[in-house]
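Please look over the sequence and the structure shown below before reading on. The briefing that follows is grouped by topic.

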Amino acid sequence: MSIRWDRRAWLRLGAVAMAWPALRAAAQQPTPVPASRQRAIPSSGERLPVVGLGSWITFNVGRDAAARAQCADVMRAFFAAGGRLIDSSPMYGSSQEVIGEGLQRIGARDVVFAADKVWVAPASRGPAQIETSRRLWGVPRFDLLQVHNLLEWKEHLPRLFEMKAAGRVRYVGITTSEGRRMDEIEQIMRSQPIDVVQVTYSLADRRAEERIFPLARERGIAVITNRPFEQGDLLRTLQRHRLPPIAAALQCTSWAQYALKFVVSQPAVTCAIPATTRVDHVRENMAAGFGPWPDDAQRRAMHAQVEKLL
Amino acid sequence: MNEWWNYRLRSFLLFSLRTYDRLIEDYNAQLWPLQAVLVAVAVAGLLALARQPSPARNRSVLAALAAAWCTVAWLFEHQRFAAINWAADYAALLFAVQALALSWAALRRGVALRVESALDRLALAVAALGGAVYPLLTAWLGRSWARAEVFALMPGPTALATVGCLLLAKPVRKRLLVVPLLVCGFEGALLWGLYLPAA
């Protein structure tokens with residue numbers, strides 16, 4: 001077929017040329033990601049997907065190029081499934097550097113909710129450590145900075161609050177794990193204007209339900225929960241058994257989803273941060289933010305089922 | 001209050017078994033065939049220890065051990081292990097101190113390494129375990145040969161070989177044994193925390 005280059009053809013060509021930038025921009029728009037369930041950070045109202053991504057052990061892969069690429073794939077799948085919060089610490093070996101490389105590789109620096117920690121004594125070295133961490137992540141600023149395991153918290157927290165006031169970090173928090181120093185955590189939650197508290201919470205460790213969760217709700221503090229699978233120990237035990245019938249009603253196809261849905265359906269929990277090295281596992285984890293959620297009675301039933309198996 | 005007592009061993013492991021294995025595999029691949037040379041050197045040293053003692057032989061063995069600690073400190077702890085374990089650089093410093101102490105002992109001419117009793121033969125067996133047999137542990141653990149741990153390249157076999165040799169000293173230099181025994185404890189913990197759960 002030959003084209004007749006009459007006046008009409010030239011006009012059409014001109015219209016396409018003028019529309020080209022808009023068409024190109026539309027083609028480059030990221031594919032809309034599915035909307036996971038979200039919870040608000042009480043101090044700001046900002047909403048976060050309930051499933052985040054931890055990096056303890058899993059992202060500490062050193063200079064291993066293949067393992068680093070695998071971590072970037074995990075992050076890509078995490079963001080593609082609607083995830084935002086990634087959590088790390090200077091204590092986690094090469095994890096911060098691996099996250100930074102992954103964010104750069106997949107162009108997700110604007111999407112990530114960057115949660116890191118300060119973990120150094122004496123506390124006077126805190127600002128330098130935070131700057132090193134920020135450089136490793138490659139982000140302009142952290143969204144959340146937490147005092148890791150309460151190390152030197154009396155000295156670190158005032159500095160973090162100053163950073164928040166100056167707009168150099170958006171939220172301030174504290175962390176612990178495996179139920180340690182709960183009295184001190186409670187004391188800080190009562191006395192300091194923190195935005196976030198990070199504690200361990202899982203089907204096998206429900207200590208946070210006793211005092212931390214009620215206090216967090218009372219004081220308007222967001223809760224990040226770590227170790228939802230007890231560093232894999234919980235899943236290794238549960239995977240020897242068949243999923244109970246309640247799992248089907250909640251659209252859980254694996255024990256990981258079952259365990260994670262139990263955690264994130266706890267009303268006080270803002271975000272849980274399971275860690276993984278596998279793309280299929282991160283997708284499986286993210287699925288816990290979708291589908292039906294258990295009510296109180298179902299949560300009790302979920303726990304009772306697991307208690308029999310542990 | 002830090003509540004250190006309720007930490008489990010695994011709470012202190014910052015990396016996975018897979019990451020640690022791949023680190024050693026890559027390290028071995030970069031240095032091959034140095035491993036074969038080092039095992040041969042270790043076997044020669046063990047044979048020398050089993051024969052008639054001489055001051056020159058004693059000094060050579062101690063100097064070789066000092067060199068081994070230097071190599072482990074620089075090549076493994078600082079250049080490789082520090083990438084996944086922030087404590088490795090502190091270990092490298094400690095190993096450098098151990099190397100200096102062994103060098104000093106070699107120069108002083110006062111350390112006699114002799115095989116006289118049944119206990120000494122046991123000590124020699126410990127040295128042989130570290131110097132020559134340790135790579136076979138890899139097979140025992142069901143891991144790839146590519147991640148075998150060799151004397152003078154990895155802390156575990158180096159520490160065992162050092163403990164065995166130093167137990168032959170008359171009298172035993174206890175201070176020289178502190179770092180190697182600490183390393184043996186760490187290696188045991190690593191075995192307990194990483195390998196046995198995966199076995």
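In this predicted model, chain A has 310 residues, of which buried residues make up 44%. Its secondary structure comprises twelve helices and nine strands, and 77% of the contacts in chain A between residues at least 6 apart in sequence join residues at least 24 apart.

**The sheet of chain A**

- Seven strands of chain A form an open sheet with parallel pairing, in the order β3-β4-β5-β6-β7-β8-β9, and the edge strands, each of which pairs on one side only, are β3 (85–87) and β9 (271–272).

**Helix α4 of chain A**

- Helix α4 of chain A runs over residues 126–137, and its twelve residues reach 16 Å from the first C-alpha to the last, close to the 16 Å expected at 1.5 Å a residue.
- The buried residues in α4(A) include A:G126, A:I130, A:S133, A:R134 and A:W137; seen down the axis of α4(A), its buried residues fall within an arc of 100°, so they line one face of the helix.
- An α-helix has 3.6 residues a turn, so residues three or four places apart point the same way.
- On the other side of α4(A), A:A128, A:E131 and A:R135 are exposed, whereas the cover over the buried residues of α4(A) includes α3, β4, β5 (142–147) and α5 (153–165) of chain A.
- Just after α4(A), A:G138 takes a positive phi of about 75°.

- Not counting residues up to four places away in sequence, A:V112 touches A:R84, A:I86 and A:L103.
- The C-alpha atoms of A:V112 and A:F142 are separated by 9.8 Å, although these residues are 30 residues apart along the chain.

**The contact between chains A and B**

- Chain B and chain A each give 13 residues to the contact, and on the side of chain B that touches chain A these residues divide into six nonpolar, four polar and three charged.

Note on methods. Residues are numbered from 1 along each chain as its sequence is written. Chains are lettered from A and ligands numbered from 1 in the order in which they are written. This is a predicted model: local features need pLDDT of at least 70, side-chain atom pairs count only at pLDDT 80 or more; totals for chains, interfaces and linings use all residues. Two residues are in contact if their C-beta atoms, placed from the backbone, lie within 7 Å. Ala, Val, Leu, Ile, Met, Phe, Trp, Tyr, Cys and Pro count as nonpolar, Asp, Glu, Lys and Arg as charged, and the others, Gly among them, as polar. Helices (H or I, at least four residues) and strands (E, at least two) are DSSP runs, numbered from the N terminus. The expected span of a helix is 1.5 Å times one less than its number of residues. A residue is buried if 20 or more other C-beta atoms lie within 10 Å of its own, exposed if 12 or fewer, and partly exposed in between; C-beta atoms are placed from the backbone. The arc is that of the directions from the helix axis to the C-beta atoms. Two strands pair if DSSP finds at least two bridges between them.
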